[in-house]
Amino acid sequence: MERSKKPGPIPVNTAGAENSGFGFERDRVKLSLPTGESAEILLHGATVISWIVGGQEKLFLSEKAVLDGSKPVRGGIPLVFPVFGKSTEGPTAPLPQHGFARLCKWELLGRTSETDTSIQVDFGLGPENLTVDQRKQWPYDFGLIYSVNLSKSSLETKMLIRNEGSETFVFNVLFHTYLRIPDVNNLTISGLKGTSYKCKVTKSEAVEETEELPVGSEVDRVYANVPSTVQVKSGGDPIFKVDRTNLEDVVVWNPWEGASKMADFGPEDGYKNMICIEAGAVSKWHTLEPQSVWEGSTIINI
């Protein structure tokens, strides 16, 4: 297990929202730049549900996605913490699949930076934001700071995790990013060659052999210790570049025709226009000691 170092206190600037590039409504935050780029984030799960560049939506959001806080959002960028998947044993076993971060209402901490070319907003989550049942499932004292930074050609998401208690805990974290693509049949993914992966579809393990990975059927793979940038290409042309800091793993997921079995997935053939490239720390448990901090981020460039 990886052990985190002990940095200084978490810097949090709870700046106000008195700027045209920052809008707050009842259940969401909207960011915009003078050049037209925008992003929209729900307080429910701190889920990014829209990222528009050049007038085009870059994230896939299901037409049937539930946005009222009653269940996780199907699409956008749901947050996975403190467990990836479903544990059958250990301290995270009582938790639901993918943990509670995507289920909770986060606090808006405010706008922490803004220029003509970028704007950042922070959200916070702690024990006080959990239900009684969630606190029983996860009895640790913790603090999460989630940052979303919109720039003219990129979207950066960053998670800071702090152990504020006296007990060590272990965790996984992942940005479950749904990217909108023109046509999955013309899609390839590069940057994974030579990387070991676990395939949840075939229940097997292997090493990626292809330089340009096509997606022609259901795919659900966890690539561990990916060494470099991952690129998503359409017809051979790069459309997304995904870089990571302190997030060693990448999950590639497309449900293919299995999407028809998901009540909140729409349209039924929407899988043709999405691919999940999910940056995370999920192939092993990360250990966070009392009063320690872990931080990881990903930036998607177009």
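**Reading a cavity, a sheet and the confidence**

Modeller: Start with the largest cavity, lined by Thr177, Leu179, Val242, Ile277, Ala279, Thr298 and Ile300. This is a predicted model: local features need pLDDT of at least 70, side-chain atom pairs count only at pLDDT 80 or more, and totals for chains, interfaces and linings use all residues. Residues are numbered from 1 along each chain as its sequence is written, and side-chain values use heavy atoms, leaving out hydrogens and water.

Colleague: What is a cavity, and what is a lining residue?

Modeller: Rolling a probe the size of a water molecule over the atoms shows where empty space is left. On a 1 Å grid over the protein atoms alone, a cavity is a set of points where a 1.4 Å probe fits but cannot get out; lining residues have an atom within 4 Å of a point. The largest cavity here has a volume of about 40 Å³. Strands β22 (274–288) and β23 (293–301) each supply at least two of its lining residues.

Colleague: Which strands form the open sheet, and in what order?

Modeller: A strand is a DSSP run (E, at least two residues), numbered from the N terminus. Two strands pair if DSSP finds at least two bridges between them. The order is β2-β3-β4-β5-β6, with antiparallel pairing. β2 (22–24) and β6 (56–57) stand at the edges with a single partner strand each, so one side of each lacks a neighbour in the sheet. Three bridges join β2 to β3 (residues 28–32). Glycine 23 has lysine 30 in β3 as its bridge partner.

Colleague: Where does pLDDT stay under 50?

Modeller: pLDDT is the predictor's confidence in each residue, from 0 to 100. It stays under 50 over residues 1–19. Where pLDDT is low, the predicted coordinates should not be read in detail. The chain's mean pLDDT is 93.

Conventions. Helix = DSSP H or I, 4+ residues; strand = E, 2+ residues; numbered from the N terminus. Contact = heavy atoms within 4.5 Å. 1 Å grid on protein atoms, 1.4 Å probe; cavity = no way out; pocket = protein on both sides within 12 Å on 5 of 7 lines; lining within 4 Å. Points joined across faces, edges and corners; volume = space filled by probe spheres on them.
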